[in-house]
Amino acid sequence: MKKILFVCLGNICRSPLAEGLMTNKIVKLGVEEQFKIDSCGTADYHIGELPDERTSENANKNGLELKQRARQFEAADFNRFDHILVMDNANKMRIIGQATSEEHLHKVQLMRDFETDSSLHGTDVPDPYYGGNEGFQNVFNILDRCTDNLLNYHLQAIEN
Ligand code: 4NP
């Protein structure tokens, strides 16, 4: 089983959407037994809350329902998960700051390192929280692409 954790700042915009997209794709392929998917935030601002309404509405428009409640990242997540995908460089630094071994560090990667276009590797999934509605569809498109590539990466690893 591959255990994948998506991380952003608040766990109400970007990472719950990544979790929802990935879960949806896994269920469609009928491989949900082979994955555990979760998301969290580095901040404690929104613990226990449902995703931001703008994120949920945009996800609904794209045929996706988001139901999970926000939680905060904790150091124990390094042991619970195999692959930790972080939405931006600032939050990656916050996660890495809590690592206590090389093994932990190797689990952490930026979400956009899974872009098909390699010129986008190392860049941030933009935080849509303070922006307009178009920001939410932009984030959806980015995460749709990146979760496709992430899923293919893990499916290949399972087959080999
Ligand atoms: P997220 O977006 O990290 O994608 O969930 C944000 C949500 C809340 C805040 C910032 C970003 N906030 O400052 O409350």
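Mentor: A residue is called buried under 20% relative accessible area, exposed over 50% and partly exposed in between, with a 1.4 Å probe and protein chains only. The model is predicted, so local features need pLDDT of at least 70 and side-chain atom pairs pLDDT 80 or more, while totals for chains, interfaces and linings use all residues. Residues are numbered from 1 along each chain as its sequence is written, and side-chain values use heavy atoms, with hydrogens and water left out.

Trainee: Are F73 and F78 buried or exposed?

Mentor: The burial cut-off above is applied to each of the two residues. F73 and F78 are both classed as buried.

Trainee: Which class does the ring pair of F73 and F78 fall into?

Mentor: Rings of Phe, Tyr and Trp (its six-membered ring) pair if their centres lie within 6.5 Å; planes under 30 degrees apart are stacked, over 60 edge-to-face and the rest tilted. The ring centres of F73 and F78 are 5.3 Å apart and their planes lie at 80°, so this pair is edge-to-face.

Trainee: Which side-chain atom of H46 lies 2.8 Å from an oxygen atom of the ligand?

Mentor: A polar contact is a pair of N or O atoms within 3.5 Å; within protein, one must be able to donate a hydrogen and the other to accept it, and residues adjacent in sequence count only if both atoms are side-chain atoms. For R14, a side-chain N or O atom is 2.7 Å from a ligand oxygen. For H46, the atom at 2.8 Å from a ligand oxygen is a polar side-chain atom.
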